[in-house]
Amino acid sequence: MSLPPNPFAAKPSRARAAEKSVFWVFRLATYLVLACGAFVFGDIVLKGSGTVLHGFKTTEQFPYITNTFLFESPESLYVFEHDGKKVEMGDKEYRAFRESVEAKAKLAGQPAPKFKAESYVYSAGGIWPCIVGTVLLVLGSMTIALTLGVASAIYLNEYASDGKIVRYIRLAILNLAGVPSIVFGLFGFGMFVIFLDWNVSLLAGWFTLAFMVLPVVITASEEALKAVPKGFREGSLALGATKWQTIRSNVLPYALPGILTSSILGIARVAGETAPIMFTAAYVVRDKLPWDVDKFSDFFFQGVMALPYHIYVVSSKIPQNEYTERVQYGTAFVFLGIVALIATTSIVLRNKLRGSYKW
Amino acid sequence: METSAAPAKFSVNVPASSSAITPGTASTLIEIENLDFYYDSKQALFDINLKLDDRRVTAFIGPSGCGKSTLLRCLNRMNDLIDGAHIKRGSLKIRGVDLHRKDVDAIELRKRVGMVFQKSNPFPKSIYENITYGLRIQGVNNKARLDEVVEKSLRGAALWDEVKDRLHESGLSLSGGQQQRLCIARTIAVEPEVILMDEPCSALDPIATAKVEELIHELKKQFTIIIVTHSMQQAARCSDKTAFFYMGKLIEYDDTRTIFMNPGNPQTEAYVSGRFG
Amino acid sequence: MSLESAPTIRPFVIEKARTRLFGLTLDECIHAFFGGNAFMAVVVLALITVFLFREGADFFGQNRANLRIYREAGLEYVDYMRQQEKDHTALTRYLFDVRMRTVKYLTGVKGLTMAQTNAQLAAFDDFSSRYGDTVEPVRGIVADLTEVATAIKTKFTVNEDAKEGRRQLLAGGKKDEAAAVAITNLDFKAELAPLVGTLPAFKDASATFAKNLEQVVATVPVLPTPELQSRMLKFQQLTRDYIATFPATIHELETWDYTKPVPFTQSLTAFVFGREWLTASFWQDWYGVIPLLVGSLMVSFIALVLAVPLGVGAAIYVNQIASAREQKLIKPAIEFISAIPSVVLGFFGIAVLGQLLRAISQVAWLDWIPGFPFAERLNALTAGCLLALIAVPTIFTLAEDALNNVPRSFKEASFALGASRLQTVLRIIVPASLSGIVSAVLLGLGRVIGETMVVLLCAGNRIAIPDFTAGLAVVTQPVHTMTGIIAQEMGEVVRGSIHYRALFIVGIVLFSLALLINFLAQKIVRKYRISIG
């Protein structure tokens, strides 16, 4: 018995083959992008993690373990030959060592040994001041940006009626989002550093970064506010609540998790940008830590070291060789790690939150 | 708060006159005069004249977009919140007070004219918090008083027995019908005079609908209820008077029985007999 | 009233007088507060504009003064002469190029040794050295006059500084000291006399130069192939054309007048169309935006050429082809790429990618690719590749959104008609979302054109208009960009100097460009959005 011919059987054809190959091209494009990202990431993690891992040292007192790379200030690296061996030492260590050797030689009545050392700036020690500076910059600017941004979003989503002013505001936000970060840097320099005479300072950096990230925060907050159903507002208003009572007790509490998680992406942006802080807040090198100030107000008017700027400095202002590479890759690794951590947190939290909106 | 002189249901079943719009025996609570209402430049209500009775159930019926919800939302000025919505002519008065008089406060008005929405919208708070929300925003924080109101309101909404053991669970954990009754309870907790219901049963199954309708019968002893509904059976079952709207105009307003049995207007007849809408 | 109404009825009180602050109720105050915050966005945008202009606006005035002294001190006069010398140098370079080709031919095709080749080219070398020598009389005069003009300019600058010093002293109330500051008013006419006086000598030199040139090029050496020979003939022609420009130069010099005013527009055009960005030079500073603009555009263009197919392709793949699980993985991964800070990418470019690309370019069997092999590790291509990685997530996310906004019904209708997936994607989905995709690309462009750190670290930072005669190989040349120059030079300039102002003007150009791109992107979305119900 023969089966009746199947009119719906798949016919092998050129078109079908073409479809398949075109889809493969798209697939390839996608995975190429991912591979590039993975390559950058992998290279920096592979070569940079060593620096951090080598930095671990045990100490006598609490906390018994520390990391010289993470928790010390940058120093110059000295490379010299001693007793036929190649020795590398940080600035302080080198001086102490040299003095001790010279003293020893003097005691023995021998001529002081000659040290021929090559020095590499920033290549020893660690990046603690940069980490501190970046954290301070992020904290300050996000506080400002969140205050302004959430308030703006509340206005746009809850209060504003569609009119000319709102149109202008939305247009401004859209355009602000497209302004290059270096222009924010120039603006911050012109306004805060020069006009307001704040000099290169934390405060100037905070405001510059806050203005830069403002559109991100506003958009994120608006999205979160929009996710709160209209019924919550109407229900509350129909019970005789004022607008502000409604927003405070029936909108903001439900929007807040969304606002915060989406704003974390803004943190990644603030932490990652170099151009805006180049002339407003960042110092190439600064010995004192930020809390080491005489007056409380000085705290706000001091420049700081920052991770992204430090990467720029160590990758462009010092030569590349085996000694400098460690600090270059190490800094990049730590920085990338911090930013990646923030971004991952944001992405994961947001996906989780989207799943849990159930009203 | 017992009503002493509530007339028997459907007792007034004979049209007193040929005029469609006739005040019943109950006293008039709400007066709407010559109301023209616009969304931006689009007119939504045309010259509405209506007198609604105190402590009666009035149903607004009509096809979608006929303006019945708009009129309902005028009564507690929820339309203030919509951009471009405005009254161009005419007035709304409750107990003789013009709702748009300068010294009238929309917030105060809404405390006295409550509203239940089409889609039940309990807040994602506990049942207890839901009920007490209206009082708390008025500054009432006395625990004993709140407890008392919660029980009274839930009993009033015929929900007490079902939820009395889980007052601190989320309002969202209730079933659809229970959620809607919770919203009603929430509304009566602030002791309004009028309760506006905007298609309160359209998202409910028949059993839940029956419960809400039963509740409406109970509530009208204390409250004036205005209900917008799509379901003509519902209007027939639970209202004393019915107003039929079409294309933003009030076509006919009369005792419910008259509207359904003996409508004075051919359009009304076509609608109630299911020929359009 | 309450007596008359029924006892069960509460009075219907809906009036309430609320406490007011400046005529606003509390709720209205809160409203105003939020509104004020939202208005910040507008304020910030306005402030950016104001402060860029505040710092930059003086540039054109200063640049005008800069151009005026260029004329008054006779630098312009000398530059006319120098141009003749420069053109000659360009011609000798052409000659050198011909020699190189000949050498390549002789050693490559003919298989001659280097010594044999040099012997063969003895006549050619003799010719080119004679050709090179002809310029000497002109060169001598230019060298002398350069010193004269520089001296005048220095005098002028010193004088200006003294004037400024006196002004400050006067402002400080120190009259006596101010009077002690010596200021000599420069008499440009007198100062310029020796300069202008050399014109007859220059005329002579120029004439000799022309005569010698003609003599030299009358007989060009014979080269082995017709192709090379034709180049030689072209050289002959070029030289004759060059000699023909001499009278024009003489005319320029004769009619030159140091008192001719520098119009304000010239200050503007010198910036907008200026082909040179030359700062801290001993001779004359030029602030022309063209090399930077071209550099920025070229790098962005390279980035887009790479990023658009990848970004849009990935968006189509993820949105239309990939399985749900793939989607869940790829989308966050690409978002993650966008979080890589640009300075890290820049560092990666310096440390890895630059070398990698150079190594690839030096692979023998790849030398058919234009521009390969190249010697510069940091160039437009390196920066472009990294910028592409920055642009891809932007383009991907926005394009994916646009694809997502195409209603399901379109897709279903197409499938119901028996179209294949590919047909549906290419004929229905992509066209329907095209405006969104185009605006995604534009916003990607905005992103890369404003990117600073990558180009600062990886573009090579050579301030010159890339040599487009090289064809596609132009992408392997180092360039400098607008963002890069601001970041690089802002830290080193003196506040208020012309150079400082020029950087702000570059910032304004960048700002306007960004706004323009944004505007176009929005316009495209709005204009071509199909009305989706």
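Mentor: If we ignore the residues within four places of it in sequence, Arg231(C) is in contact with Tyr94(C), Asp97(C), Val98(C) and Arg101(C), where contact means heavy atoms within 4.5 Å. This is a predicted model, in which local features need pLDDT of at least 70 and side-chain atom pairs count only at pLDDT 80 or more, while totals for chains, interfaces and linings use all residues. Residues are numbered from 1 along each chain as its sequence is written, chains are lettered from A and ligands numbered from 1 in the order in which they are written, and side-chain values use heavy atoms, leaving out hydrogens and water.

Look at Val98(C) for a moment: it sits 133 residues from Arg231(C) in sequence, yet their C-alpha atoms are 7.2 Å apart in space. Arg231(C) belongs to helix α10 (residues 226–244) of chain C; helices here are DSSP runs (H or I, at least four residues), strands are runs of E (at least two), and both are numbered from the N terminus. The Arg231(C) side chain also makes a polar contact with the side chain of Glu227(C), at 3.0 Å. A polar contact is a pair of N or O atoms within 3.5 Å; within protein, one must be able to donate a hydrogen and the other to accept it, and residues adjacent in sequence count only if both atoms are side-chain atoms.

Now for some helix packing in chain C. Helix α9 (residues 199–218) and helix α11 (residues 246–255) of chain C pack at about 175 degrees, their axes 11 Å apart. Axes are lines fitted to C-alpha atoms, for helices over the stretch in contact, and angles run from 0 to 180 degrees between N-to-C directions. α9(C) and α11(C) are therefore roughly antiparallel; the rule calls angles under 35 degrees roughly parallel, over 145 roughly antiparallel, 65 to 115 roughly perpendicular and the rest oblique. On the α9(C) side, the touching residues include Phe202(C) and Phe209(C), and on the α11(C) side they include Ile250(C) and Leu253(C). Sorted by class, this contact has 7 nonpolar, 1 polar and 2 charged residues; Ala, Val, Leu, Ile, Met, Phe, Trp, Tyr, Cys and Pro count as nonpolar, Asp, Glu, Lys and Arg as charged, and the others, Gly among them, as polar.

Chain C also meets chain A, with 74 residues of chain C touching 77 of chain A. Together they bury about 6900 Å², 79% of it on carbon and sulfur atoms; buried area is the accessible area (1.4 Å probe) that two parts lose on being put together, summed over both. Phe34(C), Phe336(C) and Phe347(C) supply 10% of what chain C buries against chain A, more than any other three residues. This pair of chains has 0 salt bridges, a salt bridge being a side-chain nitrogen of Lys or Arg within 4 Å of a carboxyl oxygen of Asp or Glu. There are 7 residue pairs in polar contact between chain C and chain A (both at pLDDT 80 or more). Helix α1 (residues 26–56) of chain C gives the largest share of the chain C side, 19 residues. By class, that side divides into 54 nonpolar, 11 polar and 9 charged residues.

One crossing shows this meeting in detail. The axes of helix α6 (residues 181–195) of chain A and α1(C) come within 9 Å and cross at roughly 75 degrees, which makes α6(A) roughly perpendicular to α1(C). Among the residues that meet there are Phe184(A), Phe187(A) and Met191(A) from α6(A), and Leu47(C), Phe51(C) and Leu52(C) from α1(C). The class count is 11 nonpolar, 1 polar and 2 charged.

Finally, chain A has another partner, chain B. That contact takes 21 residues from chain A and 23 from chain B, burying about 1800 Å², 62% of it on carbon and sulfur atoms. Glu234(A), Ala238(A) and Leu239(A) supply 35% of the area chain A buries against chain B, more than any other three residues. Across this interface the rule finds 1 salt bridge: Arg73(B) pairs with Glu234(A), with the closest N and O atoms 3.1 Å apart. On the chain A side, α8(A) contributes the largest share, 7 residues.
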